[in-house]
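Here is a friendly walk through one structure, written for someone who likes to know the cut-offs behind each term. Have the model open beside you as you read.

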Amino acid sequence: DQGPGRLVDLGAGAGAVTAMLGWAPDRAVVVEGNRLLATEARRRHGLGTVRGTVHAVPLAGGSADVVCLLDVIEHLDDPVAALREAVRLLAPGGRVVINVPAHRWLWSAADEALGHVRRYTRPDLRAELAEAGLEPVLLSHVFSWLVPPVWLTRRVVSKDEAELGLEQTSTVIDGAAMALTFAERMLLGRLTLPFGTSLLCVATRSEAA
């Protein structure tokens with residue numbers, strides 16, 4: 001069944017993030033090349049799974065209302081090819097949701113450990129979207145409150161070590177993080193944030209595509 005209301009999450013791994021998106025599991029499809037991760041997505045989250053790469057998805061064109069590429073294209077040597085495949089999957093009026101790490105100056109050993117090829121600026125992402133036939137309707141930095149502690153942790157405290165995030169945690173820290181993230185979400189759509197550890201983009205097929 002390739003009816004309306006389908007979400008396709010490309011390169012979704014074991015589907016943990018896909019499950020958090022709140023989409024009905026019977027209308028969400030994880031596309032993942034790793035057999036074990038695909039099996040886990042189906043077993044743990046009840047998601048539909050398809051084995052394939054982000055450059056060659058074995059689904060019909062026009063079969064998805066939403067296509068997600070969440071923390072995916074920064075790993076790719078050819079991100080535009082993956083974006084074009086997302087465009088192929090879009091139904092009329094559909095949207096592509098993309099999340100990528102932001103700011104070249106935040107590059108550190110952690111990016112290398114995570115297999116990143118690049119961190120993005122807004123112009124970088126806009127150029128790739130345009131080449132793939134996509135036009136952003138929302139393009140904003142997110143997690144702006146994380147920039148100072150992440151920069152400090154990765155560049156000053158850890159230096160050349162692959163510090164992947166903020167290891168320190170407590171009820172106070174976790175509560176503050178939730179509150180700051182919620183406040184930021186309330187601002188999205190009203191304004192775009194000038195900096196943040198990630199870029200969030202919602203895009204539609206451009207009229208010229």
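## A helix among strands

In helix H3, the buried residues are Pro79, Val80, Ala82, Leu83, Glu85, Ala86, Val87 and Leu89. Buried here means under 20% relative accessible area, with exposed over 50% and partly exposed in between (1.4 Å probe, protein chains only). Since eight of the eleven residues of H3 are buried, the helix is largely enclosed by the rest of the structure. Helices (H or I, at least four residues) and strands (E, at least two) are DSSP runs, numbered from the N terminus.

H3 (residues 79-89) lies across S1, S4, strand S5 (90-101), S6 and strand S7 (198-205), and runs at about 150° to S5. For such angles, axes are lines fitted to C-alpha atoms, for helices over the stretch in contact, and the angles run from 0 to 180 degrees between N-to-C directions. The buried residues of H3 pack against S1, S4, S5, helix H5 (122-132), S6 and S7; contact means heavy atoms within 4.5 Å.

## How to read the values

This is a predicted model, where local features need pLDDT of at least 70 and side-chain atom pairs count only at pLDDT 80 or more, while totals for chains, interfaces and linings use all residues. Residues are numbered from 1 along each chain as its sequence is written, and side-chain values use heavy atoms, with hydrogens and water left out.

## The sheet

Seven strands make an open sheet of mixed pairing, in the order S3-S2-S1-S4-S5-S7-S6. Its edge strands, S3 (48-50) and S6 (134-142), each pair on one side only. From one strand to the next, the twist averages 20°. Two strands pair if DSSP finds at least two bridges between them; S1 (residues 7-10) and S4 (residues 64-70) do so in the parallel sense over three bridges. Asp9 stands opposite Cys68 in S4.

## The nonpolar cores

A nonpolar core is a set of buried Ala, Val, Leu, Ile, Met, Phe, Trp, Tyr and Cys residues joined through side-chain atoms within 4.5 Å. The largest has 34 residues, of which Leu10, Leu69, Ile73 and Ile98 touch the most other members. H3 gives the most to this core, with six residues. A second, separate core of 13 residues includes Ala41, Val66, Leu70 and Val97.

Leaving aside neighbours within four places in sequence, Ile98 is in contact with Leu69, Leu70, Ile73, Leu83, Leu129, Leu199, Leu200 and Cys201.
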